[in-house]
Amino acid sequence: MSGEAALSSLAQAGFTLAAPLATGDYNACVPEAWRLDPSNFGGVWIVGNAGRLLWPRFCESAEFHDAEDPLDHYTRRCFGEAATADQDFALYSAQRDHQYLPLIALAETAGLGVPGRVGVLLHPEYGPWISLRGVLFVAESLQTRRKPGFDPCTDCAAPCESACHGGVVSASGVDVAACYQTRQSLPDCALRCDARAACVLGPEHAFERDQVAHHSRIRPRR
């Protein structure tokens with residue numbers, strides 16, 4: 001199965017967001033433990049989900065009823081079924097030498113979007129309504145397709161700032177520690193993010209309420 005065929009399989013499962021990276025561009029973004037041998041891998045696909053397609057596919061899966069990390073279990077199965085012997089993959093939660101893949105930096109380099117003040121990557125079409133799920137390493141040579149000139153926050157009226165109940169969103173991004181504390185103390189922030197919902201980009205692609213709640217649940221820090 002080629003990289004394109006693997007992506008088609010993943011798209012059927014709801015992972016419709018994908019962008020290629022040349023091996024050199026990938027290696028320039030990642031820690032040494034994550035670097036690839038160009039003689040074995042010609043490129044990397046950054047893979048995620050955008051808009052509302054993933055959630056109903058996931059809800060129909062056997063993993064939906066798992067007690068712990070059901071979406072991660074579904075994602076791992078789908079990636080495993082799509083990848084073949086000459087390919088490899090890693091999910092967002094994987095570590096090597098105690099280091100995670102810098103998925104946001106990789107996605108930005110691949111042209112999927114730019115970090116926004118609301119604290120997530122902003123896609124030109126889907127706005128904040130995307131999730132990065134992992135990477136697919138493939139043997140065939142890939143070229144990076146950058147999309148320059150996307151700068152959505154600079155001249156924006158920033159309704160996300162006023163919508164944030166904890167006042168933790170600013171032009172410099174999100175105060176992560178203050179956001180965590182706010183979500184622990186304010187019921188309005190426990191299962192949703194009104195700042196994210198206020199983004200002017202892609203509101204028609206906003207996740208369903210149950211999906212928002214799934215991503216917003218506070219998990220213990222490790």
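## Nonpolar cores

The largest nonpolar core has 24 residues, and those touching the most other members are Tyr 26, Ile 46, Leu 101, Leu 106, Val 135 and Phe 137. Such a core is a set of buried Ala, Val, Leu, Ile, Met, Phe, Trp, Tyr and Cys residues joined through side-chain atoms within 4.5 Å; buried means under 20% relative accessible area, exposed over 50%, and partly exposed in between (1.4 Å probe, protein chains only). This is a predicted model: local features need pLDDT of at least 70, side-chain atom pairs count only at pLDDT 80 or more, and totals for chains, interfaces and linings use all residues. Residues are numbered from 1 along each chain as its sequence is written, and side-chain values use heavy atoms, leaving out hydrogens and water.

Helices (H or I, at least four residues) and strands (E, at least two) are DSSP runs, numbered from the N terminus. E8 gives the largest share, 4 residues. A second, separate core of 20 residues includes Ala 13, Trp 55, Phe 79 and Leu 91.

## Cysteines

The whole structure contains 0 disulfides, a disulfide being a pair of cysteine sulfur atoms within 2.5 Å. For Cys 156, the closest cysteine sulfur is that of Cys 160, 6.4 Å away and too far for a bond. Cys 156 is partly exposed, at 27% relative accessible area.

Cys 164 lies in the loop between helix H6 (159–163) and strand E9 (169–170) and is buried, at 15%. Beyond its neighbours within four places in sequence, Cys 164 is in contact (heavy atoms within 4.5 Å) with Val 169 and Ala 195.
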